[in-house]
Amino acid sequence: MNPLIVKGVLYGVSPSLRLFALDASTGAELWSFTPDTPSKSWTSSRGVAYWADGDDERIVFGAGPYLHAIDATTGMPKTDFGDDGVVDLREGLGRDISGDMLGVVVTTPATVFEDLVIIGGRVNEADGAAPGYVRAFDVRTGELRWMFHTIPQPGEVGY
């Protein structure tokens with residue numbers, strides 16, 4: 001995991017997908033957040049992303065198929081993002097990927113550009129697996145703003 005340091009606070013994710021904030025100069029824990037996800041072991045997380053607008057500071061990170069927005073100062077979910085702070089990345093892909101091995105899993109940090117959280121994900125290569133789309137979500141609301149089809153769809157350039 002690559003930590004992120006902003007304003008003297010180190011943000012990171014443990015191997016058990018627990019998000020934490022430490023005082024970067026002392027190592028003292030400021031807060032931690034453990035996602036409420038099913039008990040299955042998804043995979044590790046390689047880091048987090050940071051976004052701010054005035055007093056609204058957010059840490060965005062993935063845990064399994066979920067994208068979380070957490071208040072960078074309190075460690076509490078930003079309930080205005082997605083469904084009480086969470087976006088399920090298995091939704092909105094255009095087909096059923098409900099099988100255990102067919103979903104999408106976040107392993108790398110999102111990219112934040114202006115008010116967008118841009119994220120891909122790791123997908124299985126088996127028949128029927130989730131498509132490897134790159135998506136951009138509104139950092140405040142979690143609403144999908146755009147989706148890039150890595151394999152062009154009918155009507156798109158390159159189909």
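Valine 6 and beyond

Tutor: Valine 6 counts as buried, at 15% relative accessibility. Buried means under 20% relative accessible area, exposed means over 50%, and partly exposed is in between, with a 1.4 Å probe and protein chains only. This is a predicted model: local features need pLDDT of at least 70, side-chain atom pairs count only at pLDDT 80 or more, and totals for chains, interfaces and linings use all residues. Residues are numbered from 1 along each chain as its sequence is written, and side-chain values use heavy atoms, with hydrogens and water left out.

Student: Where is valine 6 found?

Tutor: Valine 6 is in strand E1. Helices (H or I, at least four residues) and strands (E, at least two) are DSSP runs, numbered from the N terminus.

Student: And what is valine 6 in contact with, leaving aside its neighbours within four places in sequence?

Tutor: Tyr11 and Tyr50. Contact means heavy atoms within 4.5 Å. The C-alpha atoms of valine 6 and tyrosine 50 are separated by 8.2 Å, and the two residues are 44 residues apart along the chain.

Student: Zooming out, how many helices and strands are there in the chain?

Tutor: Zero helices and 14 strands. Of the 159 residues of the chain, 43% count as buried. Among contacts between residues at least 6 apart in sequence, 42% join residues at least 24 apart.

Student: What about aromatics: how many aromatic pairs does the structure hold?

Tutor: Two. Rings of Phe, Tyr and Trp (its six-membered ring) pair if their centres lie within 6.5 Å; planes under 30 degrees apart count as stacked, over 60 as edge-to-face and the rest as tilted.

Student: How far apart are the ring centres of phenylalanine 33 and phenylalanine 61?

Tutor: They are 6.4 Å apart, and the planes are at 85°, so the pair is edge-to-face. Phenylalanine 33 lies in strand E4 and phenylalanine 61 in strand E6, so parts that are 28 residues apart in sequence are tied together by this pair.

Student: Is phenylalanine 33 buried or exposed?

Tutor: Buried, with a relative accessible area of 13%. Phenylalanine 61 also counts as buried, at 1% relative accessibility.

Student: New topic: where is the place of arginine 58?

Tutor: Arginine 58 is in strand E6 (residues 56-63). Arginine 58 is buried, with a relative accessible area of 1%.

Student: What does the side chain of arginine 58 make a polar contact with?

Tutor: The side chain of aspartate 80, at 2.9 Å. A polar contact is a pair of N or O atoms within 3.5 Å; within protein, one must be able to donate a hydrogen and the other to accept it, and residues adjacent in sequence count only if both atoms are side-chain atoms. A polar atom of the arginine 58 side chain also lies 3.3 Å from the backbone oxygen of arginine 140. Beyond neighbours within four places in sequence, arginine 58 is in contact with residues including Tyr50, Trp51, Phe81 and Val139.

Student: Which residues line the largest cavity?

Tutor: Leu93, Val104, Ile119, Gly120, Pro131, Tyr133 and Arg135. A cavity is a set of points on a 1 Å grid over the protein atoms alone where a 1.4 Å probe fits but cannot get out, and lining residues have an atom within 4 Å of a point.

Student: What is the phi of lysine 7?

Tutor: Lysine 7 has a positive phi of about 50°, although it is not a glycine. Most residues other than glycine have a negative phi. Lysine 7 is found in the loop between strand E1 (4-6) and E2, and is exposed, with a relative accessible area of 67%.

Student: And what is phi near in aspartate 84?

Tutor: Near 55°, a positive value in a residue other than glycine. Aspartate 84 is in the loop between strand E7 (66-71) and strand E8 (86-88), and counts as exposed at 53% relative accessibility.

Methods
1 Å grid on protein atoms, 1.4 Å probe; cavity = no way out; pocket = protein on both sides within 12 Å on 5 of 7 lines; lining within 4 Å.
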